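Please look at the sequence and the model first.

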Protein chains: 2
Amino acid sequence: MGDMPGYTVGLVQMTMGTDGDENLRRAMEKVEQAAALGAQVICLPELYRSQYFCQKEDAALFDLAEPLNGPSVTTFQALAARLGVAVIVPFFERRAPGVYHNSAAVIDADGSLAGLYRKMHIPDDPAYYEKFYFAPGDLGFRAFNTRFGRIGVLICWDQWYPEAARLTALAGATTIFYPTAIGWHPQEKAQYGAAQQDSWLTVQRGHAVANGCYIAAANRVGFEQPVPEQAGIEFWGNSFITDPQGQWLARSGDAAEDILTARVDLNDLETIRRNWPFLRDRRIDAYGDITLRWRDES
Amino acid sequence: MGDMPGYTVGLVQMTMGTDGDENLRRAMEKVEQAAALGAQVICLPELYRSQYFCQKEDAALFDLAEPLNGPSVTTFQALAARLGVAVIVPFFERRAPGVYHNSAAVIDADGSLAGLYRKMHIPDDPAYYEKFYFAPGDLGFRAFNTRFGRIGVLICWDQWYPEAARLTALAGATTIFYPTAIGWHPQEKAQYGAAQQDSWLTVQRGHAVANGCYIAAANRVGFEQPVPEQAGIEFWGNSFITDPQGQWLARSGDAAEDILTARVDLNDLETIRRNWPFLRDRRIDAYGDITLRWRDES
């Protein structure tokens, strides 16, 4: 490794329209732009291929799903090889009839598949009816080697779980990417919106601190109202990259498309972990109850 | 329970002098003041009885330790009973010759002992030579019933560990208290001080969000230089209380003594957990590797 080992992360914050092919075309364009800015590991938002369809439960929408070797992923394998960049491509995975996942393919810079992540924590809240669509992931929490560095991928709702970040960091990820689709319910935004967004930013910055790794979250942006009789969701953007102390390296606004880049410096990561040696002192003898739903007896 | 079940938390942020009896007297005075402000569960800073002696390794300093039934704790049992408040009393515990802990007694409002916590994560950094003094705790991560509510106690370095907060919350704690002694190395403050403090605040606010519980951290304040040839530590105060979304309810400055109070509203806690149902979706089937030091094979 050279003097300053590391790699440059790129995030795409974008709006999604109702035409899936157009979303694909625009996502490709933005990955090209990120690469032109020097990004080497580039992440798209969750389910970039469509508007956020989970606002209603409709069995016909399983038609949006594709296998891992469908065009939502393979198109980016060709692009990654051409540009010489790694790309994290979230997609609605059709694994078998009746078995669908909210997944992300990690494509290495030669176009090969570095690995697959399937969203482990599936939400179910008003207008986020994901439990209807997605079987919980069964591949666990992983890290993937790319040409540029070892990275991890978690998806959206996973953001709220310290266990997910910890297990991904313990697998050797130096950056944890979070493709995301989060926003405000219009009727809640005025009263609760600022606190909600601050909680979302804070818990992820906390993962950076606790694990001594970089965090990079790519969110969608824009208002989507696929069900006219529902209020829709205003996706809040705020894609960001933090260093291993949770300090901002880059952050987007809440209304416009954007491309973010930042340098992951593995010397910094090592220095921070040497000076804040949290991993050294973990009480692995005393964490067993983490696998309980609730500690009824304690 | 009444219309707005809950209780009022009180935190003491104070300076410690070289006279242990004077520290005890002043701590009592401040607990009285907190009670007069309406606080019902009151927490002192870590090792309130002395200056932060871990800045050097000196076997003579084990003389500062006391058993659980020594005056550092029993004095507060009498005070708690007189005031009708619960008090969290951190102390340097002498358990046996050669077996010492960094502990906190939880005293209920009738003066009885509600329980004992022994710091589980022990740091060892320049001027924080705690591994020399304290055997790692062997009581695990607990919650304690007081007259006013079920609370948890963790101590200082535990703050950086999501596992500790999770296990305490899963045991039913509605507030996690963190008696603390953290500050700046004078030679680092200008360059790194702001980021260090922000990391410390952020990771704890993240625990509030991830677990849907209140967080209350009581730090010491003031400059202490027990070893003249060392630079000393400027303890940075910033004691704080957040709600279960990590939003500030109260926060002290970095230079002066202070007493903070805030209301824990169990209706709010329940509402937040209903609307951000993180505990529902934990993948307890997939967290087993949390008990590994590092996931070499993944």
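## A three-stranded sheet in chain B

In chain B, three strands make up an open sheet in the order β9-β12-β11, with antiparallel pairing. Its edge strands, each of which pairs on one side only, are β9 (183–184) and β11 (221–224) of chain B. Strands pair here if DSSP finds at least two bridges between them. Strands (E, at least two residues) and helices (H or I, at least four) are DSSP runs, numbered from the N terminus.

Two bridges join β9(B) to the antiparallel strand β12 (residues 233–236) of chain B. Trp184(B) stands opposite Glu234(B) in β12(B).

## Basis of the model

The model is predicted: local features need pLDDT of at least 70, side-chain atom pairs count only at pLDDT 80 or more, and totals for chains, interfaces and linings use all residues. Residues are numbered from 1 along each chain as its sequence is written, chains are lettered from A and ligands numbered from 1 in the order in which they are written, and side-chain values use heavy atoms, with hydrogens and water left out.

## A hairpin in chain B

Strand β13 (residues 240–242) of chain B is joined by three bridges to strand β14 (residues 248–251) of chain B, and the two run antiparallel. Phe240(B) has Arg251(B) in β14(B) as its bridge partner. The two strands β13(B) and β14(B) form a hairpin with five residues between them. In the turn, Gly246(B) has a positive phi of about 80°.

## Aromatic pairs

Over all chains, the structure holds 52 aromatic pairs. One of them, tilted, joins Phe62(B) and Tyr133(B), at 5.3 Å centre to centre and 55° between the planes. Rings of Phe, Tyr and Trp (its six-membered ring) pair if their centres lie within 6.5 Å; planes under 30 degrees apart count as stacked, over 60 as edge-to-face and the rest as tilted. Phe62(B) is buried at 15% relative accessibility, and Tyr133(B) is buried at 2%. Buried means under 20% relative accessible area, exposed over 50%, and partly exposed in between (1.4 Å probe, protein chains only).

The rings of Phe92(B) and Phe134(B) are edge-to-face, because their planes stand at 85°, with centres 5.3 Å apart. Phe92(B) lies in strand β3 (residues 86–96) of chain B and Phe134(B) in the loop between α3 and β6 (144–145) of chain B, so this pair ties together parts 42 residues apart in sequence.
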